[in-house]
Amino acid sequence: MELGQMQGRLAEYTRSLYMEGILDAQFLQLQQLQDESNPDFVVEVVSLFFEDSEKLLNDIARALDQQSVDFKRVDAHVHQLKGSSASVGAQRVKDACVAFRNCCEEQNVEGCLRCLQQVKQEHYLVKNKLETLFRLEQQIVAAGGSVPMAEMTF
Amino acid sequence: MEYLHSDVAVHTQQREKLQHFHVLAVDDSLIERKLLERLLRESSCKVTCVDSGDKALEYLGLLDSQEIDRSTASSSSPQSSTQEGLKAVNLIMTDYSMPGMSGYDLLKRVKGSLWKDIPVVVMSSENVPSRISMCMEEGAEEFLLKPVQLSDLKKQLQPHLLKLPVHPKIDITTSNDNGNDSMIIDITMNNNQNVVVSKRKTMTPEPLERRPQMKGLAVI
């Protein structure tokens, strides 16, 4: 595939992620903060996010597995995850966290377990999508091209 | 790299001023610290990041142990200048919800200290009006909703950079000569459609401004 085609494919793929609500304007902000002096900014932030979020998801699962569930603790973890997902632009993860916090308030273990599943699903989805995105970018760079800046109006 | 409208208006001189503008950023989240650091460096500021209120107090020399050591030292306000080997800080930006000492607690400690004139901006991912007014009443300069946008920061930094005494001709003051600080409360929307409440002083007495002032100064 020639360079122009690859760049077109990347632009279309990125666009679809925004259209499907998987990413929001905050991700665009991250992309705009990437430049020659910070060439890997997006990948660095996103990697930090996935390291952090995987730990949080495990902590949440463990907390829900206790005999007597500490909902405040679960809520604190979800709050953290909500914040970091908002900061990287992982919109659907963030929204799933908002719903999760409602379940925590109701102190309903079953509800919380369902919410956790939902968050994990969205988390898995955005992880895969971003891995694909970064792979497409790498292919373009390897072919000697530059990655086009996604321009969106919101 | 796309440029925002405000970038067009930022002159080289202003950028140079900001290079001496030192922000202390406080957040327990590594991701937030990384983001904030990038945003601030993008705005040409110097940044120091710490991960807790306690570390912030330590940096400012305000931990109880440090304060006792200085009890015999002069009580002049450090403002934005260096004080006895402590690093100069022009602005503190702190997250609200942190384990241990919250951003609000940190705000209170700073406002009750020799650093009380340093503006403190509080950030939160939650839009809680009572929380916002509590912080503003305690003397916060501004309350920003996360995720913080580059445009929020540029708007936040603008008045500070106008106040920095680098070139007398660029010092813009109003004709209010009575030396009182009056507050303007701005309520605006940022790009996230979030409410940003900020307080502006119309006049702050600073050493440089004791020289005779000219009204209607031209900006170069």
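Student: I've clicked on B:Thr94. Which residue in β4(B) does B:Thr94 stand opposite?
Tutor: That's B:Val122. Keep in mind that we're looking at a predicted model.

Student: Okay, and the strands themselves, β3(B) and β4(B), in which sense do they pair?
Tutor: They pair in the parallel sense, over 4 bridges. β3(B) covers residues 91–95 of chain B.

Student: What do β3(B), helix α6 and β4(B) make?
Tutor: A right-handed β-α-β unit, with α6 spanning residues 103–111 of chain B. There's another right-handed β-α-β crossover, in which the chain goes from β4(B) through helix α7, residues 129–137, to β5(B).

Student: How many bridges join β4(B) to β5(B)?
Tutor: 4 bridges, and these two strands run parallel. For one of the pairings, look at B:Ser124, whose bridge partner in β5(B) is B:Leu145.

Student: How many residues of β4(B) are buried?
Tutor: 5 of the 5, so the strand is largely enclosed by the rest of the structure. On one side you have B:Val120, B:Val122 and B:Ser124, and on the other B:Val121 and B:Met123, so to speak a cover on both faces.

Student: Back to B:Ser124. What's its relative accessible area?
Tutor: It's 0% for B:Ser124, which counts as buried because the cut-off is under 20%.

Student: And which side chain does the side chain of B:Ser124 join in a polar contact?
Tutor: The side chain of B:Arg131, at 2.9 Å. B:Arg131 is also on the list of residues that B:Ser124 touches beyond four places away in sequence. Others there include B:Asp95, B:Tyr96 and B:Phe143.

Student: Changing topic: what does the UniProt annotation say about A:His79?
Tutor: The entry, which is unreviewed, has "modified residue: Phosphohistidine" covering A:His79.

Student: Where is A:His79 found?
Tutor: In helix α4 of chain A, which runs over residues 71–88.

Student: Is A:His79 buried or exposed?
Tutor: Buried, because its relative accessible area is 17% and the cut-off for buried is under 20%.

Student: Which residues does A:His79 touch, leaving out those up to four places away in sequence?
Tutor: A:Arg101 from chain A, plus B:Ser97, B:Ser125 and B:Glu126 from chain B.

Note on methods. Residues are numbered from 1 along each chain as its sequence is written. Chains are lettered from A and ligands numbered from 1 in the order in which they are written. This is a predicted model: local features need pLDDT of at least 70, side-chain atom pairs count only at pLDDT 80 or more; totals for chains, interfaces and linings use all residues. Side-chain values use heavy atoms; hydrogens and water are left out. Buried means under 20% relative accessible area, exposed over 50%, partly exposed in between (1.4 Å probe, protein chains only). Two strands pair if DSSP finds at least two bridges between them. A crossover is right-handed if, with the strands pointing away from the viewer, the path from the first strand over the helix to the second runs clockwise. UniProt positions are given in the numbering used here, feature names are shortened, and annotations may be inferred rather than shown by experiment. Contact means heavy atoms within 4.5 Å. A polar contact is a pair of N or O atoms within 3.5 Å; within protein, one must be able to donate a hydrogen and the other to accept it, and residues adjacent in sequence count only if both atoms are side-chain atoms.
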